[in-house]
Amino acid sequence: MTVEEGAALPVTYLTAWHSIVVMGNLRKGERLLIHSAGGGVGTAALQIAKIIGAETYGTASAAKHDALRKLGLDHAIDYTKE
């Protein structure tokens, strides 16, 4: 991992944390829709939401659905069809 890649990690996780925990006040048992779940901030949001205990819905291309399910995504949405 390069220095630049390492420096970017906190940016994605802090962005996701601030959006769904600080501003969104996500709680266990609630549902969260994550747009662009296969991107950096989307993946971070998914991981944070699963730790909290939320049910997750994520939009992504069909090619990314399997990888997102392995990360814990509950409901994958192909944004090109749904």
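A word on ground rules: the model is predicted, with local features needing pLDDT of at least 70 and side-chain atom pairs counting only at pLDDT 80 or more, while totals for chains, interfaces and linings use all residues. Residues are numbered from 1 along each chain as its sequence is written, and side-chain values use heavy atoms, leaving out hydrogens and water.

Let's start with the strands. S2 (residues 55–60) and S3 run parallel and are joined by four bridges; strands pair if DSSP finds at least two bridges between them. Ala60 has Asp78 in S3 as its bridge partner. Between S2 and S3 the chain passes through helix H3 (residues 65–70), in a right-handed β-α-β crossover (with the strands pointing away from the viewer, the path from the first strand over the helix to the second runs clockwise). Helices and strands here are DSSP runs, H or I of at least four residues and E of at least two, numbered from the N terminus.

Now, two backbone angles to look at. Asn25, in the loop between H1 and strand S1 (31–34), is not a glycine, yet has a positive phi of about 55°. Ser36 also is not a glycine and has a positive phi, near 55°; you'll find Ser36 in the loop between S1 and helix H2 (40–52).

How exposed are they? Asn25 counts as partly exposed because its relative accessibility is 39%, and Ser36 counts as partly exposed at 48%. For the cut-offs, buried is under 20% relative accessible area, exposed over 50%, and partly exposed in between, with a 1.4 Å probe and protein chains only.

Last stop: Met1, in the segment before helix H1 (3–23), counts as exposed because its relative accessibility is 76%. Thanks, all!
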